[in-house]
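This report describes the arrangement of a protein chain for a reader who meets it here for the opening time. Please keep the sequence and the structure in view while reading.

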Amino acid sequence: MPGSMTVRHRPSPNANDRRTAVSMLVLHYTGMQDAEAALQRLVDPSSGVSAHWLVDEDGEVTSLVPEARRAWHAGAACWQGVRDVNGASVGIEIVNPGHAGGLPPFPARQMDAVAALSRDVLARHGIRQRHVLGHSDVAPLRKQDPGELFDWRWLASQGVGLWPPPRPPAATTLGEGDRSCAVQRLQEGLASFGYAVAPDGDYGAVTVAVVTAFQRHFRPARVDGVADGETAARLAALVDALH
(Lines give C-alpha, C1' and ligand atoms only; values in the text may rest on other atoms or scores of the structure.)
Protein backbone atom coordinates (compact mmCIF):
# COMPACT_ATOMS: atom_id res chain seq x y z
CA MET A 1 0.00 0.00 0.00
CA PRO A 2 1.34 3.50 -0.85
CA GLY A 3 2.64 4.84 2.43
CA SER A 4 1.95 8.54 1.73
CA MET A 5 -1.57 8.11 0.30
CA THR A 6 -5.01 7.83 1.78
CA VAL A 7 -6.37 4.60 0.37
CA ARG A 8 -9.90 3.28 0.60
CA HIS A 9 -10.56 -0.44 0.38
CA ARG A 10 -13.28 -2.10 -1.69
CA PRO A 11 -12.27 -5.77 -2.00
CA SER A 12 -13.07 -7.46 -5.30
CA PRO A 13 -13.76 -11.20 -5.40
CA ASN A 14 -12.45 -11.38 -8.96
CA ALA A 15 -8.95 -12.72 -8.29
CA ASN A 16 -7.04 -15.95 -7.83
CA ASP A 17 -3.60 -17.18 -6.79
CA ARG A 18 -0.47 -16.05 -8.61
CA ARG A 19 1.86 -18.68 -10.05
CA THR A 20 4.57 -16.32 -11.29
CA ALA A 21 6.46 -13.35 -9.88
CA VAL A 22 5.33 -9.83 -10.71
CA SER A 23 7.38 -8.33 -13.55
CA MET A 24 5.01 -5.81 -15.19
CA LEU A 25 2.81 -2.85 -14.39
CA VAL A 26 -0.18 -2.45 -16.73
CA LEU A 27 -2.16 0.80 -16.87
CA HIS A 28 -5.76 1.01 -18.14
CA TYR A 29 -8.56 3.49 -18.45
CA THR A 30 -11.90 2.31 -17.10
CA GLY A 31 -13.88 3.21 -20.22
CA MET A 32 -17.01 3.79 -18.14
CA GLN A 33 -19.25 6.76 -17.42
CA ASP A 34 -17.84 7.61 -14.00
CA ALA A 35 -15.84 6.31 -11.06
CA GLU A 36 -18.78 4.72 -9.27
CA ALA A 37 -19.87 2.77 -12.34
CA ALA A 38 -16.31 1.52 -12.81
CA LEU A 39 -16.00 0.55 -9.17
CA GLN A 40 -19.27 -1.37 -9.19
CA ARG A 41 -18.15 -3.36 -12.22
CA LEU A 42 -14.72 -4.12 -10.76
CA VAL A 43 -16.22 -5.58 -7.57
CA ASP A 44 -19.15 -7.37 -9.22
CA PRO A 45 -18.60 -11.15 -9.07
CA SER A 46 -20.52 -11.62 -12.32
CA SER A 47 -18.32 -9.20 -14.31
CA GLY A 48 -15.21 -11.39 -14.28
CA VAL A 49 -12.94 -8.33 -14.23
CA SER A 50 -10.90 -6.56 -11.58
CA ALA A 51 -7.64 -4.72 -11.00
CA HIS A 52 -5.37 -4.17 -8.05
CA TRP A 53 -5.95 -0.43 -7.90
CA LEU A 54 -8.42 2.21 -9.09
CA VAL A 55 -7.48 5.91 -9.35
CA ASP A 56 -10.32 8.48 -9.50
CA GLU A 57 -10.17 11.80 -11.35
CA ASP A 58 -9.52 13.62 -8.06
CA GLY A 59 -6.60 11.34 -7.22
CA GLU A 60 -8.40 9.10 -4.73
CA VAL A 61 -6.91 5.60 -4.72
CA THR A 62 -8.97 2.48 -4.08
CA SER A 63 -7.44 -0.91 -3.29
CA LEU A 64 -9.42 -3.72 -4.93
CA VAL A 65 -7.16 -6.80 -4.98
CA PRO A 66 -4.01 -7.40 -2.90
CA GLU A 67 -0.92 -7.34 -5.09
CA ALA A 68 -0.03 -10.84 -3.88
CA ARG A 69 -3.13 -12.04 -5.76
CA ARG A 70 -3.76 -12.30 -9.52
CA ALA A 71 -6.33 -9.72 -10.61
CA TRP A 72 -8.24 -10.07 -13.88
CA HIS A 73 -7.47 -6.92 -15.81
CA ALA A 74 -5.48 -7.79 -18.94
CA GLY A 75 -7.44 -10.64 -20.55
CA ALA A 76 -5.88 -12.29 -23.58
CA ALA A 77 -2.52 -10.53 -23.72
CA CYS A 78 1.19 -11.05 -24.30
CA TRP A 79 4.45 -9.24 -23.54
CA GLN A 80 7.96 -10.57 -24.17
CA GLY A 81 6.47 -14.01 -24.74
CA VAL A 82 4.59 -13.99 -21.42
CA ARG A 83 0.97 -14.91 -22.15
CA ASP A 84 -0.34 -14.90 -18.60
CA VAL A 85 -0.02 -11.15 -18.23
CA ASN A 86 -2.53 -11.15 -15.37
CA GLY A 87 -0.30 -13.56 -13.48
CA ALA A 88 2.83 -11.48 -14.04
CA SER A 89 1.49 -7.98 -13.50
CA VAL A 90 -0.07 -5.40 -11.24
CA GLY A 91 -3.01 -3.61 -12.86
CA ILE A 92 -4.07 -0.01 -12.27
CA GLU A 93 -7.43 1.21 -13.59
CA ILE A 94 -7.58 4.97 -14.20
CA VAL A 95 -11.05 6.52 -14.23
CA ASN A 96 -11.71 7.93 -17.70
CA PRO A 97 -14.58 7.24 -20.13
CA GLY A 98 -12.09 6.43 -22.86
CA HIS A 99 -12.38 6.72 -26.61
CA ALA A 100 -16.11 5.96 -26.59
CA GLY A 101 -16.60 8.86 -24.18
CA GLY A 102 -14.47 11.34 -26.11
CA LEU A 103 -11.18 10.53 -24.30
CA PRO A 104 -11.10 13.63 -22.07
CA PRO A 105 -7.77 14.71 -20.56
CA PHE A 106 -6.48 13.01 -17.44
CA PRO A 107 -6.55 15.62 -14.62
CA ALA A 108 -3.26 16.64 -12.99
CA ARG A 109 -4.33 15.35 -9.55
CA GLN A 110 -5.14 11.99 -11.08
CA MET A 111 -1.82 11.80 -12.92
CA ASP A 112 0.06 12.75 -9.75
CA ALA A 113 -1.64 9.90 -7.91
CA VAL A 114 -0.94 7.45 -10.74
CA ALA A 115 2.74 8.43 -10.70
CA ALA A 116 3.07 8.06 -6.93
CA LEU A 117 1.21 4.75 -6.84
CA SER A 118 3.19 3.42 -9.79
CA ARG A 119 6.52 4.31 -8.20
CA ASP A 120 5.49 2.36 -5.12
CA VAL A 121 4.48 -0.65 -7.22
CA LEU A 122 7.76 -0.60 -9.16
CA ALA A 123 9.80 -0.40 -5.96
CA ARG A 124 7.85 -3.17 -4.23
CA HIS A 125 8.32 -5.65 -7.06
CA GLY A 126 11.54 -4.53 -8.72
CA ILE A 127 9.71 -3.96 -12.02
CA ARG A 128 11.91 -2.67 -14.85
CA GLN A 129 10.95 0.60 -16.50
CA ARG A 130 10.53 -1.11 -19.89
CA HIS A 131 7.74 -3.19 -18.35
CA VAL A 132 5.54 -0.20 -17.52
CA LEU A 133 2.87 -0.78 -20.13
CA GLY A 134 -0.52 0.20 -21.39
CA HIS A 135 -3.29 -2.30 -21.96
CA SER A 136 -2.92 -1.56 -25.67
CA ASP A 137 0.75 -2.62 -25.54
CA VAL A 138 -0.05 -6.09 -24.25
CA ALA A 139 -3.29 -6.54 -26.24
CA PRO A 140 -2.85 -4.42 -29.40
CA LEU A 141 -5.46 -6.30 -31.42
CA ARG A 142 -8.16 -5.67 -28.82
CA LYS A 143 -7.43 -2.60 -26.71
CA GLN A 144 -6.70 1.13 -27.03
CA ASP A 145 -6.27 2.14 -23.40
CA PRO A 146 -5.11 4.21 -21.71
CA GLY A 147 -4.94 5.99 -25.07
CA GLU A 148 -2.90 8.55 -26.93
CA LEU A 149 -3.89 11.43 -24.62
CA PHE A 150 -2.40 9.68 -21.59
CA ASP A 151 0.82 11.55 -20.82
CA TRP A 152 3.43 8.78 -20.95
CA ARG A 153 6.22 11.31 -21.49
CA TRP A 154 5.39 13.16 -18.28
CA LEU A 155 5.01 9.87 -16.41
CA ALA A 156 8.52 8.82 -17.52
CA SER A 157 9.85 12.15 -16.21
CA GLN A 158 8.38 11.14 -12.83
CA GLY A 159 10.36 7.91 -12.78
CA VAL A 160 7.68 5.64 -14.20
CA GLY A 161 8.34 3.99 -17.56
CA LEU A 162 10.49 4.91 -20.55
CA TRP A 163 10.42 7.70 -23.10
CA PRO A 164 12.61 7.58 -26.23
CA PRO A 165 15.53 10.01 -26.38
CA PRO A 166 15.66 12.31 -29.45
CA ARG A 167 16.98 10.79 -32.65
CA PRO A 168 16.82 11.90 -36.31
CA PRO A 169 13.89 10.33 -38.19
CA ALA A 170 14.54 7.33 -40.40
CA ALA A 171 14.51 7.89 -44.14
CA THR A 172 11.70 5.53 -45.08
CA THR A 173 8.03 5.04 -44.31
CA LEU A 174 6.50 1.57 -44.10
CA GLY A 175 2.84 0.63 -44.11
CA GLU A 176 0.26 -2.04 -44.64
CA GLY A 177 0.94 -4.28 -47.63
CA ASP A 178 4.70 -3.67 -47.68
CA ARG A 179 6.90 -6.75 -47.78
CA SER A 180 10.61 -6.26 -47.36
CA CYS A 181 13.68 -6.73 -45.22
CA ALA A 182 13.00 -3.25 -43.83
CA VAL A 183 9.61 -4.46 -42.57
CA GLN A 184 11.30 -7.46 -40.99
CA ARG A 185 13.81 -5.20 -39.20
CA LEU A 186 10.95 -3.07 -37.91
CA GLN A 187 9.15 -6.16 -36.64
CA GLU A 188 12.35 -7.45 -35.03
CA GLY A 189 12.69 -4.17 -33.16
CA LEU A 190 9.10 -4.29 -31.94
CA ALA A 191 9.47 -7.94 -30.89
CA SER A 192 12.76 -7.32 -29.08
CA PHE A 193 11.13 -4.52 -27.11
CA GLY A 194 8.31 -6.86 -26.09
CA TYR A 195 5.44 -6.64 -28.57
CA ALA A 196 3.80 -9.82 -29.86
CA VAL A 197 4.62 -9.65 -33.57
CA ALA A 198 6.37 -12.19 -35.78
CA PRO A 199 9.32 -10.87 -37.87
CA ASP A 200 8.09 -12.29 -41.17
CA GLY A 201 8.68 -9.23 -43.35
CA ASP A 202 4.95 -8.87 -44.12
CA TYR A 203 3.31 -5.63 -42.98
CA GLY A 204 -0.09 -7.16 -42.34
CA ALA A 205 -2.93 -6.49 -39.93
CA VAL A 206 -1.02 -7.63 -36.84
CA THR A 207 1.90 -5.33 -37.60
CA VAL A 208 -0.51 -2.44 -38.20
CA ALA A 209 -2.10 -3.07 -34.80
CA VAL A 210 1.25 -3.34 -33.03
CA VAL A 211 2.65 -0.19 -34.64
CA THR A 212 -0.56 1.63 -33.68
CA ALA A 213 -0.12 0.48 -30.07
CA PHE A 214 3.51 1.59 -30.11
CA GLN A 215 2.45 5.01 -31.43
CA ARG A 216 -0.24 5.38 -28.76
CA HIS A 217 2.47 4.98 -26.14
CA PHE A 218 5.56 6.54 -27.70
CA ARG A 219 4.44 8.59 -30.77
CA PRO A 220 1.00 9.94 -29.82
CA ALA A 221 0.99 12.71 -32.43
CA ARG A 222 0.54 10.03 -35.11
CA VAL A 223 -1.61 6.99 -34.34
CA ASP A 224 -2.35 5.35 -37.67
CA GLY A 225 -0.31 2.14 -37.85
CA VAL A 226 2.06 3.61 -40.45
CA ALA A 227 5.71 3.39 -39.43
CA ASP A 228 6.94 6.81 -40.53
CA GLY A 229 10.50 7.94 -39.94
CA GLU A 230 9.77 9.34 -36.48
CA THR A 231 8.05 6.14 -35.34
CA ALA A 232 10.99 4.04 -36.54
CA ALA A 233 13.51 6.39 -34.91
CA ARG A 234 11.73 6.27 -31.54
CA LEU A 235 11.57 2.49 -31.65
CA ALA A 236 15.28 2.25 -32.50
CA ALA A 237 16.16 4.64 -29.65
CA LEU A 238 14.20 2.56 -27.16
CA VAL A 239 15.69 -0.73 -28.34
CA ASP A 240 19.23 0.70 -28.24
CA ALA A 241 18.63 2.00 -24.71
CA LEU A 242 17.97 -1.54 -23.52
CA HIS A 243 21.51 -2.66 -24.35
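Which residues in helix 5 meet which residues in helix 7? Leu 186, Gly 189, Leu 190, Ser 192 and Phe 193 of helix 5 meet Leu 235, Leu 238 and Val 239 of helix 7, where contact means heavy atoms within 4.5 Å.

The model is predicted, so local features need pLDDT of at least 70 and side-chain atom pairs count only at pLDDT 80 or more, whereas totals for chains, interfaces and linings use all residues. Residues are numbered from 1 along each chain as its sequence is written, and side-chain values use heavy atoms, with hydrogens and water left out.

Helices (H or I, at least four residues) and strands (E, at least two) are DSSP runs, numbered from the N terminus.

| Helix pair | Angle | Axes |
|---|---|---|
| Helix 5 (181-193) and helix 6 (205-218) | about 60° | 11 Å apart |
| Helix 6 and helix 7 (229-241) | about 75° | 11 Å apart |
| Helix 5 and helix 7 | roughly 45° | within 10 Å |

Angles under 35 degrees count as roughly parallel, over 145 as roughly antiparallel, 65 to 115 as roughly perpendicular and the rest as oblique. Helix 5 and helix 7 cross at roughly 45°, which makes helix 5 oblique to helix 7. Their crossing is left-handed, a term that applies if the near helix is turned anticlockwise from the far one by less than a right angle (right-handed if clockwise). By class, the contact of helix 5 with helix 7 has 6 nonpolar, 2 polar and no charged residues. Here Ala, Val, Leu, Ile, Met, Phe, Trp, Tyr, Cys and Pro count as nonpolar, Asp, Glu, Lys and Arg as charged, and the others, Gly among them, as polar.

Helix 5 and helix 6 pack at about 60°, and helix 5 is therefore oblique to helix 6. This crossing, too, is left-handed. Helix 5 contributes Leu 186, Gln 187, Leu 190 and Phe 193 to the contact, and helix 6 contributes Thr 207, Val 210, Val 211, Phe 214 and Phe 218. The residues in this contact comprise 7 nonpolar, 2 polar and no charged ones.

Helix 6 and helix 7 are roughly perpendicular to each other. In their contact, Val 211, Phe 214, Gln 215 and Phe 218 of helix 6 meet Thr 231, Arg 234, Leu 235 and Leu 238 of helix 7. These residues divide into 5 nonpolar, 2 polar and 1 charged.

**Aromatic pairs**

The structure holds 9 aromatic pairs. Rings of Phe, Tyr and Trp (its six-membered ring) pair if their centres lie within 6.5 Å; planes under 30 degrees apart count as stacked, over 60 as edge-to-face and the rest as tilted. The rings of Trp 163 and Phe 218 have centres 6.2 Å apart and planes at 45°, so this pair is tilted. It links distant parts of the chain, 55 residues apart: Trp 163 lies in the loop between helix 4 (152-157) and helix 5, and Phe 218 in helix 6.

An open sheet of 6 strands has the order 1-5-4-7-3-8 with mixed pairing; two strands pair if DSSP finds at least two bridges between them. Strand 1 (7-9) and strand 8 (132-134) stand at the edges with a single partner strand each, so one side of each lacks a neighbour in the sheet. On average, neighbouring strands are turned by 25° against each other, direction ignored. Strand 4 (residues 53-55) and strand 5 (residues 61-63) run antiparallel and are joined by 3 bridges. Trp 53 has Ser 63 in strand 5 as its bridge partner. Helix 1 (residues 35-42) packs on the sheet, touching strand 1, strand 4, strand 5 and strand 7 (89-94), and its direction makes about 170° with that of strand 4.

**Backbone exceptions**

Most residues other than glycine have a negative phi, and most peptide bonds are trans. Gln 80, in the loop between strand 6 (69-71) and strand 7, has a positive phi near 50°. The peptide bond from Asp 145 to Pro 146 is cis, with omega near 5°, and Pro 146 lies in the loop between helix 3 (135-138) and helix 4.

Definitions and conventions. Axes are lines fitted to C-alpha atoms, for helices over the stretch in contact, and angles run from 0 to 180 degrees between N-to-C directions.
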